[in-house]
Each structure stands twice: as structure tokens, then as C-alpha cells.
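Please open the structure in your viewer and keep the selection tool at hand. This tour goes from the whole chain to two residues and their surroundings.

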Amino acid sequence: MEWRNAEHYAELAKATRQRADTSDDPDLARRLREVAVKHEAHARKLKRLATSS
């Protein structure tokens, strides 16, 4: 179950980065990239927890 959650956060990060890349507003793009980094970190954490169990 946790692995699926990690995949979900990885997909959220990918979608958020794509949205940032298509944004015309540089401030919005920066905030979206920051959110993508948080999603990626959370996905890595969930993967690490899933493999250690």
C-alpha cells in the first residue's frame, strides 16, 4: 500500500512540474516547482519506508 502512495506522490510531482513548465507567471512556476520538490521528497521517503519494512 505504501508503495502505491509513493507512486502517487511521484506522479503528483511530475504533473506539478509540467504545470510549472507551461505557466506564464514566473512566481507561480517557482511555487509549483517548490511543491514538486516536496512531493518528490515525500515519495522517496515513502519508498524508503516501504523497503525497510
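The stops below begin with the overall picture and then turn to single residues.

Start with the whole protein chain, remembering that this is a predicted model, and colour it by secondary structure, which comes to 2 helices and 0 strands. If you show the surface, its accessible area comes to about 4,200 Å², of which 52% belongs to carbon and sulfur atoms, and of the 53 residues 19% count as buried.

Next, show the charged side chains, of which 12 are positive and 9 are negative, with the centres of the two sets lying 5 Å apart.

Now select residues 2-22, which form helix α1, and within this helix pick out Thr16. Is Thr16 buried or exposed? Thr16 is buried, because its relative accessible area of 12% is under the 20% cut-off. Leaving out residues up to four places away in sequence, Thr16 touches Leu32, Val35, Ala36 and His39.

Finally, return to the whole chain: among contacts with a separation of 6 or more, 53% come from residues 24 or more positions apart.

Key: Residues numbered from 1 in each chain as written. Predicted model: local features only at pLDDT ≥ 70, side-chain atom pairs only at ≥ 80, totals over all residues. Heavy atoms only, no water. Helix = DSSP H or I, 4+ residues; strand = E, 2+ residues; numbered from the N terminus. Buried < 20%, exposed > 50% of the residue type's maximum accessible area, 1.4 Å probe, protein only. Contact = heavy atoms within 4.5 Å. Areas by Shrake-Rupley, 256 points an atom, 1.4 Å probe, with all protein chains shown as cover. Lys, Arg positive; Asp, Glu negative; His and termini not counted. Charge placed at Lys NZ, Arg CZ, Asp CG, Glu CD.
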